[in-house]
Amino acid sequence: SLRENKEMAGRGVFGAYRNALPGVAGILEGGQTSTGSVVRWYKELLTNTNGGDTNGGDTTATTNTNGGDTTTTGDHKDNDPDDDFYAKITEQAKQVPIGCEGLIVQEHFQGNRTPHVDPTSRGVLVGLTLKHGRAHLFRAILEGVSFGTRLIFETMAQVGYTPTEVVVAGGATRSELWLQIHADVAGIPFRKTKCHDAPALGCAVLAAVAAGCYPAVPAAVKAMVHFSGVVTPNKEAHAAYASAYAAYKAT
């Protein structure tokens, strides 16, 4: 959030909405149109399934709001077969080196919102060779989405706001690998909320204020929003991503 309520504007960012939370803060937004949907596409491509099947699916939407990044993912049910698929491919992806041995995924599968504002932009796989396996592609998707998030932060910095941490919610917080990749690529900490359903919690916060349970939004947030941990970036990993990130921006 922009507590100083600065006037900011630039291509690919939305706002700044001054006093979006009256008397509290303004908001600067950016966003990605394809994140978890690309992960689901990958899963369905490999399993030849399409939602509601024995392998399940995972839906993630990543947007950058309040000057940060909020990631939400459709929560898995207990004993959801999705867990088995993602657990196995995640373990394999952990063995793939940073940069996926030259494989880069441009995640514009449904266009791009920030920074290009181009609904016709399309996804790209660059550097694919016969040595790359399914774990390479899975990790390259995670890295590509994370590169897109970093590019959003850099775009925000160009108009005067530099995020210093990310508050992340949703089922995506169950993927320690993806959270670590995000933190390493962006070079800033990712804080996990105890309540994964951020939209519902936000509605509850506003409702609590409206009902008179709390005098204002900051007091309600302090009482109702709690954190379960922080994923800190690895400096060596952040440096190691430099060449892959440069290749991503060049696509």
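Helix α3 (residues 134-158) packs against helix α4 (residues 176-186) at an angle of about 40°, and their axes lie 9 Å apart. α3 is therefore oblique to α4, a class for angles left over once those under 35 degrees (roughly parallel), over 145 (roughly antiparallel) and 65 to 115 (roughly perpendicular) are set aside. The crossing of α3 past α4 is right-handed, the near helix being turned clockwise from the far one by less than a right angle.

The model is predicted: local features need pLDDT of at least 70 and side-chain atom pairs pLDDT 80 or more, while totals for chains, interfaces and linings use all residues. Residues are numbered from 1 along each chain as its sequence is written, and side-chain values use heavy atoms, without hydrogens and water.

Most residues other than glycine have a negative phi, and most peptide bonds are trans.

| Residue | Phi | Relative accessibility |
|---|---|---|
| Cys100 | near 55° | 0%, buried |
| Val117 | about 50° | 38%, partly exposed |

Buried means under 20% relative accessible area, exposed over 50%, and partly exposed in between, with a 1.4 Å probe and protein chains only. Cys100 sits in the loop between α2 (82-93) and β5. Val117 belongs to the loop between β5 and β6. Pro115 is in the loop between β5 (104-106) and β6 (124-126), and the peptide bond joining Thr114 and Pro115 is cis, with omega about 10°.

Trp41, in helix α1 (residues 36-47), is partly exposed at 33% relative accessibility.

Note on methods
Helices (H or I, at least four residues) and strands (E, at least two) are DSSP runs, numbered from the N terminus. Axes are lines fitted to C-alpha atoms, for helices over the stretch in contact, and angles run from 0 to 180 degrees between N-to-C directions.
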